[in-house]
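Visitor: I have the model on my screen and would like to start with a simple count before moving in. After that, please take me slowly through a single part.

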Amino acid sequence: MNIIVCVKNVPFTQEVDLVLDASKQDVKKDNLVYVINEWDNYAIEEAIRIKEETGGHVTAVTLGKEADEEVLRRCLAMGADEAIRVERGDLNPDASMIAAILSAVVKTIPHDIILTGVQSDDLNNGITGSLIAERLGLVHAAVVNSLKISEGKAQISIELEGGQDEMSQVTLPALFAIQTGINEPRYVSIMGIRKASKKEIKVIDASGLGLPGEDLQPSLIMEEMFMPPETEGAEMLQGDAGSLADQIIRIIREKGVSL
Amino acid sequence: MPIARIHFWGIDSKYLFYILVGISVAVFLLGVYSRVSVWLAAVNREKVIVSREGILNLLMDGLFGRRIFKGDLIAGLMHFFIMWGFIGLFLGTVLSTTDYWIIHFLSGDVYLIYSFCLEILGLMFIAGLLTALIRRYIARVSRLDNQAQDLWILVLLFFCVLTGFMVEGVRLAVNMPEGESVSFGGVIFSSLPSSKEQAEAVYPIIWWVHSLASLFLVAWFPFSKLFHVLAGPVNIYMASQPEAVVSRDEESPEGPGFLFRDMINFSACTRCGRCNEVCPSASAMEPFSPREFIAQANEYTRLRYNPLSRIKWFREKLIKSVSALPEISPEQIWYCTTCRACLEVCPIYIGAFEPIRRVRTSEIEEGSRVPNLLTKSLETLYMFDNPWERSKKKRGEWFGDLAVPDLTAGAKADLCYFVGCTTSFDTRAQGLARSFVKIMTHAGVSFGTLGQKETCCGDIARRVGEEGLFEEQVKKTMGLLKTYGIADLVASSPHCFNLFRNEYPLYQSPGATPLRVRHYTQVLEELMERGLIKPVKRMDLRVTYHDPCYLGRYNNIYQAPRRLIRSIPGVSLVEMAHYGPDSLCCGGGGGRLWQELEDEKKLSEVRIREAADTGADIVITTCPYCLIMLEDAVKTADLEGRLRVMDLNELIAESLGLGEEGEESTIG
Ligand code: SF4
Ligand code: SF4
């Protein structure tokens, strides 16, 4: 079983006051801490678990700069066998470019299963997985919250709206975009990462993949990024518990909820 | 013929006896070898140094059983009698053998004294054994769990002394030399046989039964809990050896890397259950018990590192005796709060928390069974340099309107106040820092903090066994202290204090100037002694004091906080059921604050109820963890309005008239 997992190093933005940079195209990132994209963490864990159960070979792939190799070392520490970084050079890729580049790389490696996260924490497009599958002509499913492999087939469960799950069977090879909560990702110790940093990371240049020029053009043009406008101040309710409850009910009614 | 020790009276097959002695001694030696080889399989066998404290402990605890008497007089006497009965009778046998083979001296008065002593020792032994039997099987002391060997060993020992007296008695029945009446034990049995002939006939039988039972005991000795007779003293001595550095690196083998003294610990435990009694987790009925952990670790190491376990028969027998393959079940290890209470009471100084940390490390390295929330806390610590998921910029937020000199921004001061993560970020614990700063400013002490540059000392990483992360934090923190030339440190938290004082030096290069480290209670006491702070405001309060584990048991600071409390006019101090070295953990240490475990109990509620039982208005503590744990327990145990939790700084600040605005009216 050959499994490829696409992972991404993303800035950790909770608890941080984001500031826009001068170009108004992005936030200032120099003071941000980078981590593995949360969804990808579940995806790599899932891949390692499949490998532990059925045997196989796990390759982690990322598109990024040298500093992003941290995310690959983490994957290696978790148990991935191989790691590839695609050097992005000066490109500032959007989801469709990422998909084009990653699929060009993945195509050259034998694979039965490709895993991605449902979305990434930074831009939240949620389409990279599906785009890769389209380009490779693979069967795919997104928001997968359970995955069982047996005899060349995958039993999967997909999270639908309203807490419903859809169960299906998919013939491999296939691509799955993994939802958080599918497993409990293991802890990666500092010692583990140190150990993994002795392993080789293969580097491929994105510009050397022979992709046609239009694939390396963004399909989405960012015009401006801005902070959400500040809304009016909050209304502080006063009074004892009884009157507070009355006021809350009044507000809910005013907002159109029928009680 | 003058009266003398009689050897092999009427026994013909002396040589058979010596062959059997040879066999039993050989089995004994093999057993000792197999157990010691488990000790030697430890990673990092540290050098054992001569320590006066070790020798002293060996005398007091080894020879007199000091710790066994503590809190349980009967157990102390029982053990004392059994131990000295055993040693005495053993020496008696050695003397007798010497008398027979080497130099004959047991005759006349010497013999009579010898014989009389043995009688006394035998009686002591019997008294001890009977007490043990009664405690276990009639009084049913709750901390003892009676396992098969507990019974068999007592019965066998009892049988050996009893038959010993019978051998003597039957001999005296045949021939009672003048003066032999000193052998009063034997004399009692001498009336047992009805005639001289009968006595002569049964004598060899009893003699052989006694000899075989005794030889069996010798052979079984190292395989049973009697091995504590040998391992216990070693353990007692080793306990005062300096802390060992376990340097684990990428090449370290998988599995818990137990140390030399861990292995000795495991082999020496007698299952007396004292640790379970004081363990906050075990006594709250959480699914953990230090005794069981030690037992599991014993079986685990015994099977893996024992040369005999290469023999299939032996291995299978061992497996059967623990009913399954000996493994150390990984779920249990996260319950330990590392409170050190078990070490305080164990008669042979076993502290379960140390080997538990070794297992935690191997679980951390393995990764997949680490409790969820802990995974998150450690990742946060790595990313943010604090476990509270706050950005570095927010480290100084607690300053508010206080002027706090920042040593990393050019301020000069002799003393560096290491605030610590919890005190910096937790809104409740921030009160500790604010009060301390006010007191220091009031006393005119030149001090400063590391501002936003302050790091996490790494306590959580250390306690949960994340050694790699701990080393990172040590490096970072030592680098920071060096950059700003800091040589004198005062910490808010007993946890930071303990690390700086006891564990950082292990990572310092030899020859480096050691850091002077104090906990804030020590600094406050000094200020008071120098007359720089004088609590003047009278506060008619009844308070009780909760000893934090890392200040008390880890660092022996019990009196400073109490003296400070007593110095406040009007304040009376009452103690809880557990205080000082017997203090009960709040449940926040050892990484417990940073995880949620299945079936976990609110240990802090047990403690807060003890505090409430004293009738105190306020419970004072000197640790930010205790502060937030107990504060929370006041709410969940429904004690709000009856009991308040305060940090000592807050109380002192109040008494100096420096209290937080608006809060003043709530006290006194
Ligand atoms: S560890 Fe110590 S206190 Fe606990 S059962 Fe063993 S000997 Fe007793
Ligand atoms: S250190 Fe405390 S919590 Fe841990 S085993 Fe010992 S008594 Fe129990």
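Visitor: What does the secondary structure of chain A come to, in helices and strands? Once that is settled, please give me a close look at the open sheet of chain B.

Guide: The secondary structure of chain A comes to six helices and 11 strands, where helices (H or I, at least four residues) and strands (E, at least two) are DSSP runs numbered from the N terminus. This is a predicted model, in which local features need pLDDT of at least 70 and side-chain atom pairs count only at pLDDT 80 or more, whereas totals for chains, interfaces and linings use all residues. Residues are numbered from 1 along each chain as its sequence is written, chains are lettered from A and ligands numbered from 1 in the order in which they are written, and side-chain values use heavy atoms, with hydrogens and water left out.

Chain B has 27 helices and eight strands, and its C-alpha trace spans about 100 × 55 × 45 Å along the principal axes. Of its 668 residues, 56% count as buried, a word that stands for under 20% relative accessible area, with exposed meaning over 50% and partly exposed in between (1.4 Å probe, protein chains only).

Now to the sheet. In chain B, four strands form an open sheet in the order 6-5-7-8, and the pairing is parallel. The edge strands are strand 6, residues 571–574, and strand 8, residues 644–647, each of which pairs on one side only. Neighbouring strands of this sheet are turned by 35° against each other on average, with direction ignored, and such an angle is taken between axes, which are lines fitted to C-alpha atoms. As background, strands of a sheet pair through backbone hydrogen bonds, either parallel or antiparallel, and here two strands are said to pair if DSSP finds at least two bridges between them.

Let us cross the sheet from strand 6. Strand 6 of chain B is joined by four bridges to strand 5 of chain B, with the two running parallel, and at one point along this pairing Val543(B) stands opposite Leu573(B) of strand 6. Strand 5 covers residues 541–545 and is mostly covered, since four of its five residues are buried. Strand 5 of chain B is also joined to strand 7 of chain B by three bridges, again in the parallel sense, and the partner of Thr544(B) across this pairing is Val619(B).

Strand 7, residues 618–621, pairs with strand 8 of chain B in the parallel sense over four bridges. Here Ile618(B) stands opposite Arg644(B) in strand 8, while Val619(B) stands opposite Val645(B).

In the loop between strand 5 and helix 24 (559–566) of chain B lies Asn556(B), whose phi is near 60°, a positive value in a residue other than glycine. Asn556(B) counts as exposed because its relative accessibility is 60%. The loop between strand 6 and helix 25 (603–613) of chain B holds Asp599(B), where phi is near 55°, again a positive value in a residue other than glycine. With a relative accessibility of 55%, Asp599(B) counts as exposed too.

Within it, strand 4 (residues 57–64) and strand 5 (residues 82–87) of chain A pair in the parallel sense over six bridges, and Thr62(A) has Arg85(A) as its bridge partner in strand 5. The loop between strand 9 and strand 10 (174–178) of chain A contains Pro173(A), and the peptide bond from Leu172(A) to Pro173(A) is cis, with omega near 0°. As for the chain as a whole, 42% of the 259 residues of chain A count as buried, and its C-alpha atoms fill a box of roughly 65 × 45 × 40 Å, taken along the principal axes.

Definitions and conventions: Axes fitted to C-alpha atoms, helices over the stretch in contact; angles between N-to-C directions.
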